[in-house]
Amino acid sequence: MLIFILYFLIICAGTGGELCVSRAMKAVGEVKDFRPAALVGVVARALRVSWMWAGLTLMATAFFSLLAVLSRQNVSLVVPVTALSYGAGALGGKFFLGEQVTPRRWAGVLLVCVGVALVIVGRR
Amino acid sequence: MKPSAGLHFKTYLLIFLMVIFGPLGNVLLGKGMRSIGAVSIGTPAEALNVLFRVLTSSTIWLGIGSLIIFFGANMLVLSWADYSYVQPASSVAYGMSALMAHFLLREAVTPMRWMGVLIICLGVLVVGYTPPRTTEPS
């Protein structure tokens with residue numbers, strides 16, 4: 001049961017965290033200057049966006065859940081299973097960020113989910 | 001809006017960094033946590049003990065360093081590209097994780113699991129033929 005809760009946290013908190021970070025970075029704007037000083041400025045601007053803090057908190061939750069799962073199961077099982085977040089991510093991109101997810105992109109996401117299912121089934 | 005060649009180049013470059021350093025970080029974390037053993041956090045003392053062992057593992061710190069590089073590349077690419085493009089496109093990292101786990105950690109990967117990883121990569125190719133940005137920047 002604990003392992004399912006941990007996977008749930010990795011997938012949901014991880015996806016939620018990435019969506020929040022994505023929203024924060026869209027608010028910061030496109031990064032065009034990659035010099036170190038400019039990148040520090042980007043980080044400073046990002047940290048002033050509240051979505052970034054929400055995202056970092058959720059991602060930290062997902063990270064510690066990942067550590068707990070990795071102490072019990074193989075990397076070659078754990079990492080592909082976390083790809084289940086792709087379905088949630090595409091839905092979040094569409095409904096939370098207002099992105100236009102094309103049918104072809106949905107098809108790709110569906111293939112990824114099928115692959116993940118095979119990874120889970122093929123664990124032994 | 002037609003994305004420029006430059007937009008494609010920097011998108012692919014940062015996704016490449018994500019594909020290398022994300023899996024490397026996961027493999028290093030897996031190696032570090034395997035050396036610590038199955039964690040139990042039933043009491044505060046146990047939780048503190050686990051935290052101490054995690055924070056004093058050099059392998060885990062190397063993994064965290066790799067994941068910070070991954071996270072930085074992820075943040076930068078998300079400043080211009082769609083989340084629903086970046087997330088699946090970076091899923092090549094899942095294939096890379098299986099390869100690294102097999103060759104670096106000597107984990108047994110069954111044929112069906114390799115098939116699953118291949119299908120994940122096929123999904124990535126399909127996603128790769130969609131434009132990185134489908135919404136106008138605000």
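Reader: At roughly what angle do the axes of helix 1 of chain A and helix 5 of chain A cross?
Author: In this predicted model, the axes of helix 1 and helix 5 of chain A come within 10 Å. The crossing of these two helices is right-handed. Their axes cross at roughly 35°.

Reader: Where in chain A is confidence lowest?
Author: Chain A averages a pLDDT of 85, and 98% of the residues score at least 70. Confidence is highest in helix 3 of chain A, at 92. Where pLDDT is low, predicted coordinates should not be read in detail. The lowest confidence in chain A, a mean of 77, belongs to helix 5.

Reader: Which helix of chain A gives the most to the side of chain A that touches chain B?
Author: The contact takes 47 residues from chain A and 48 residues from chain B. On the side of chain A, the elements that give two or more residues are helix 1 (2-28), helix 3 (50-70), helix 4 (75-81), helix 5 (85-95) and helix 6 (103-121). The most, 13 residues, comes from helix 6 of chain A.

Reader: How many residues on the side of chain A that touches chain B are nonpolar?
Author: That side of chain A includes 13 polar and nine charged residues. Its nonpolar residues number 25.

How values were computed. Residues are numbered from 1 along each chain as its sequence is written. Chains are lettered from A and ligands numbered from 1 in the order in which they are written. This is a predicted model: local features need pLDDT of at least 70, side-chain atom pairs count only at pLDDT 80 or more; totals for chains, interfaces and linings use all residues. Two residues are in contact if their C-beta atoms, placed from the backbone, lie within 7 Å. Helices (H or I, at least four residues) and strands (E, at least two) are DSSP runs, numbered from the N terminus. Ala, Val, Leu, Ile, Met, Phe, Trp, Tyr, Cys and Pro count as nonpolar, Asp, Glu, Lys and Arg as charged, and the others, Gly among them, as polar. Axes are lines fitted to C-alpha atoms, for helices over the stretch in contact, and angles run from 0 to 180 degrees between N-to-C directions. A crossing is left-handed if the near helix is turned anticlockwise from the far one by less than a right angle, and right-handed if clockwise. pLDDT is the predictor's confidence in each residue, from 0 to 100.
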